[in-house]
Number of protein chains: 2
Amino acid sequence: MIEAAQSGHPGLPLGAAPLAYTLFTRHLKIDPENPEWFDRDRFVLSAGHGSAMLYSLLHLSGFNLSIADLKHFRQLNSRTPGHPEHGVVPGVDATTGPLGQGIGMAVGMAMAEAHLAAIFNQATQLVDHHTYVICGDGDLMEGVSHEAASLAGHLKLSKLIVLYDSNDVSLDGPADRALTDNVQKRFESYGWHYQRVADGNDLTAIDQAITRAERQATAPTLIEVKTVIGYGAPKQGTNQVHGSPLGAAGIIALRKALNWQEAEFTVPKLVTERFTKTLRQNGANKRQLWEQQRQELSPKAAQQFKRAITQELPADWINELPTYKLGQSESGRVTSQKMIQAIANKVPMFWGGSADLATSNKTDIAGSNSFTALTPEQRNICFGVREFAEATALNGIALHGGSHIFGGTFFTFSDYMRGAIRLAALQKLPVTYIFTHDSIAVGEDGPTHEPVEQLMSLRAMPNVSVIRPADPNEAVAAWKLALTVHDRPTVLVFTRQDLAVLKGAQQQVSGVSRGGYVLSVQQGTQPEGVLIASGSEVALALTAQQELLKLKHDVAVVSMPSFDRFDQQSRHYQEQVLPAHVRNRVSIEMGATLGWERYVGLDGVSMGIDSFGASGKATEVISKYGFSTKAVTTAYLKMW
Amino acid sequence: MIEAAQSGHPGLPLGAAPLAYTLFTRHLKIDPENPEWFDRDRFVLSAGHGSAMLYSLLHLSGFNLSIADLKHFRQLNSRTPGHPEHGVVPGVDATTGPLGQGIGMAVGMAMAEAHLAAIFNQATQLVDHHTYVICGDGDLMEGVSHEAASLAGHLKLSKLIVLYDSNDVSLDGPADRALTDNVQKRFESYGWHYQRVADGNDLTAIDQAITRAERQATAPTLIEVKTVIGYGAPKQGTNQVHGSPLGAAGIIALRKALNWQEAEFTVPKLVTERFTKTLRQNGANKRQLWEQQRQELSPKAAQQFKRAITQELPADWINELPTYKLGQSESGRVTSQKMIQAIANKVPMFWGGSADLATSNKTDIAGSNSFTALTPEQRNICFGVREFAEATALNGIALHGGSHIFGGTFFTFSDYMRGAIRLAALQKLPVTYIFTHDSIAVGEDGPTHEPVEQLMSLRAMPNVSVIRPADPNEAVAAWKLALTVHDRPTVLVFTRQDLAVLKGAQQQVSGVSRGGYVLSVQQGTQPEGVLIASGSEVALALTAQQELLKLKHDVAVVSMPSFDRFDQQSRHYQEQVLPAHVRNRVSIEMGATLGWERYVGLDGVSMGIDSFGASGKATEVISKYGFSTKAVTTAYLKMW
């Protein structure tokens, strides 16, 4: 494959093949004819550059991945891209490549399994599977591996088994140029069970180690398997076999070393039979047993289980959401808290948590306790101060399926999560992020805690929906959208400070789903100009509108909670909201201005913040950065 | 302070005061009258929310921080902001608050100390100091603490001493709700020396532990000091003293518990004297001895040392930079490699490395070896697959001073570094990032390795200079700028693929310093339209210009390597490059379009990529995403 593509990473596939083979033929519970079987074991190749090995195994296992597919490895529009892509390659449980994140997603999968098992395994064992990972040195060097492993150890996720392809070589050379950790000690410090297999070609030893790990009931297991990178290749054991094709001579030598005489892309019948007799038959049998169990569920339990798997919301989930009237005032984070509570009351499979900021992000579900090893049925996840692991775990929980998941932190610290938010977007996962403390209005905590560029940075990311509500009614609408969108993550950006209910926001709350809408129309038939704002700054636009009217300038106010949603509307709708000929436009947002020109153009003005924030009382900080009615009217009038 | 501000975190200051006091009065080598003394010990409060404690100690130590400053804690424009800010508060060696990063910066400081000591300590000991850290549970939960500690252990940074304020409580409650690591085992797995002080109020035990750590010659030390959060307050030992003022009743009880009878903001004479007799006199004496040593340097050594400290470049550093002529072609990363080499030849204190991608990022300095415990004078840093720790260490090295520092990785993985790039920008640190593989032209590795939104996301960050060169001459100019800018980090974005030398780029290379310039003028006196592009897409704009001319459309081509630099130019210059009345504008960049409207406005067109990339041959991927001369001309003609 790699030779055919003239591109790829032969090192891991050759070194780790025996351990992967052992895992697939003797342990992995999957049914390739039913690739989405809910109770299958999950498998994550965290070292995603070893994709050639994974695709070979998926083909041998009987997934809908043909020899022709393998021949198109790394070619455009193929089903065998350079790194494993969930949703593109049948049998790939997670998109990997950015190192470390595979482990984090696997931790999330194991968390989901534990949670669902606690809820659904009453008379039956409908949720009862392992999550296996193959990782490399690179994964373990990444910080997210620490966060995720520490969390997994704390939660005693005994059904999580990580096979560590320990080959002592990384891209740049021997791994010990940069890495001299004692891996055993490290993982034991997290409360993991550790095993070591000295010879990566010893199938029996690998098999026994995995079996021992499966019997562990109180801790996740790391099995360090000593392998030789690029085993059999002339330059085995060096970084020169890590990431480049071996070349024709290399292939000849490899074939000789491994005594391999089959033609290219030919699978010996013996191999096919082996996979049929082991993996395929076992998987099919186990799935049938599982289906039988499922038949035995009571009608009510069957409906609940089905609803979990299909992520269908109960018809009445929307009935008891909070409502707000003019005169009321509430911070975004508190409205979010009420929404979480209202949803949790109706949707049993709705859960989430925060990175040690639940009391600030307001993410706890009242009436539920912490999700722990002893109480896995509970719904409040304590991720600890581990934002990146949190985000990877959210991805894993979403990938696993069976629940609706959310996670929070301060908006500035979304920076720590960015790599995982990107993988959520790429995998089209319906994760909801609750990012509170959304601007310089954070106040005293100062610039390290005050987001500036985060809003625009996330808006620039493909397939992420970013919503910054202007008042409690928009916040309710935003949460509703987050829960009903299935093909992308939603970033909810909430204030720390109170927001008054705005006139018009309640009636026009459908506008939130369109991303932007005219919240307050001009007096005449056509606006002279438009003030466009998001979040807490919409109120400012409304007062400025009044002031401008006194000065005979008749402008409309557009609330723009979501760029991505607005950009998906028809030209016609966009023209209604922002008429092309109206060029007197001012945008108002306490964040980076870059990007607002999409709506204000070359003739408009963007009021924003293109420097870092400051520590002080929120009102004083806001004033220092020039956000006042007067400043808006001045900015508008300057265009004349 | 916290009561006066009605905002802040009393927990850490009360619990960790004894250990901080011990460190300051018995160990820390600083001279508050010369706060920038080069050989001072560095101190980083990684748990930056404990700022009230740090400011108190800085005041007591004699830094230029008055009682009046303390009274203005967390107020706007005060010198005592909510979290410690380097450059704002005298004596603060690093801006902290985003957890974990303080440890990473301290690792960088210790690396700088080791490197400079190896180079300059021949006859003298001009570089010989410790780096001390106080951190909390939150810091240790963050993944960057793993990366940084693993790196520090590998490098045997024995002059790094971390005091761990181990109080078993985090913001949301008891830390063991989320954290059950065995910290000793964990740090020993990294090769650290570990000590434990059972009673955080036992000054002698703390003192002895620090002394033992200072005698360590082969490993960094973590001293776990068991403390009581909010010691003396009514709710000591709980999360309720973490982040909110104690209140009037709490203060009364605290005073009683600690038997403290001084008036508010009053320092007993005894305390002032203690700090004078210990920290201040010791520091002043040691600094005088150091100045004497410095006098003894040979004139040549003295000049070298001065140049290191002042970061002055040798006059001839610019003499042997690579030059390129029409007809040549080279990838951005290779031009960068040649620049690194040319600079390294002339600037001895220029060093850096990569996150296990040196062979791909082309960051190694030829003729130098790896910076290791045994060879700290060498200039190639092997950060391992630890992007975040790398970026925090770069910050620490820059904060330490004495060298010019750079670091690289693949551009997509800049996501992993984002939190630290932000702290570089906030602290105005002249760090140079080398981000290669800058677009979908990465090809086979696919969407996980293909940047899309990274360019615009970094452009949105305040005080970061982002430069994406269009050809080898622009790449040379970009590197020159990076090395001569002192008040902000520079992100250099380089291609993997070859770039042909462009006509005009050599002559107008000063244009790079202005961010954008007319690379190819129209035929007539005024352009009918403008094609604006960056990086590899500028070549496309040039061929499209020719095609459009054949169709009687006379357009100019603007190369825009740096938004931030262009935005800083005068209106007059900007008008020369992009005349306001010329509205037929097309931007061309293989990245997110959001933000390009700053230059193309409402009437122009942005050719870009607002979805994720794809795996395939680079040329095919580029074609799939519609980047061709034909597509540019079509986009332009559509405006008519």
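# Salt bridges and interfaces, step by step

Colleague: Why is A:Asp207 called buried?

Modeller: A:Asp207 has a relative accessible area of 18%. Buried means under 20%, so A:Asp207 counts as buried. Please keep in mind that this is a predicted model.

Colleague: And what makes A:Arg26 partly exposed?

Modeller: Its relative accessible area is 40%. The partly exposed class lies between the buried limit of 20% and the exposed limit of 50%, so A:Arg26 belongs there.

Colleague: How do you know that A:Asp207 and A:Arg26 form a salt bridge?

Modeller: The closest N and O atoms of the two residues are 3.2 Å apart. The rule asks for a nitrogen of Lys or Arg within 4 Å of a carboxyl oxygen of Asp or Glu, so this pair passes. A:Asp207 sits in helix H9 (residues 203-215) of chain A and A:Arg26 in helix H2 (residues 11-26) of chain A, so the bridge ties together parts that are 181 residues apart in sequence.

Colleague: What about A:Lys346 and A:Glu320: why is this pair called a salt bridge?

Modeller: Here the N to O distance is 3.0 Å, and the limit is 4 Å, so the pair qualifies. A:Lys346 belongs to helix H13 (residues 332-346) of chain A, while A:Glu320 is in the loop between helix H12 (299-310) and strand E8 (329-331) of chain A, so parts 26 residues apart in sequence are tied together.

Colleague: Are those two residues buried or exposed?

Modeller: A:Lys346 has 18% relative accessibility and counts as buried, whereas A:Glu320 has a relative accessible area of 51% and is exposed. The exposed class begins over 50%.

Colleague: Which residues are joined into one network by salt bridges that share partners?

Modeller: That network holds A:Arg583, A:Asp603, B:Arg583 and B:Asp603.

Colleague: How do you know that chain A and chain B touch?

Modeller: Contact requires heavy atoms within 4.5 Å, and 104 residues of chain A are in contact with 104 residues of chain B. The two chains bury about 8700 Å² between them, 54% of it on carbon and sulfur atoms. Their interface also has 12 salt bridges. One of the salt bridges in the model joins B:Glu188 and A:Lys185, with 3.2 Å between the closest N and O atoms.

Colleague: Within chain A, how many salt bridges are counted between domain 2 and domain 3?

Modeller: The count is two. The model also has a salt bridge between A:Arg459 and A:Glu589, whose closest N and O atoms are 2.7 Å apart. Domain 2 and domain 3 of chain A bury about 2300 Å² between them.

Key: Residues numbered from 1 in each chain as written. Chains lettered and ligands numbered in written order. Predicted model: local features only at pLDDT ≥ 70, side-chain atom pairs only at ≥ 80, totals over all residues. Heavy atoms only, no water. Buried area = accessible area lost by both parts, 1.4 Å probe. Salt bridge = Lys/Arg side-chain N within 4 Å of Asp/Glu carboxyl O. Helix = DSSP H or I, 4+ residues; strand = E, 2+ residues; numbered from the N terminus. Buried < 20%, exposed > 50% of the residue type's maximum accessible area, 1.4 Å probe, protein only.
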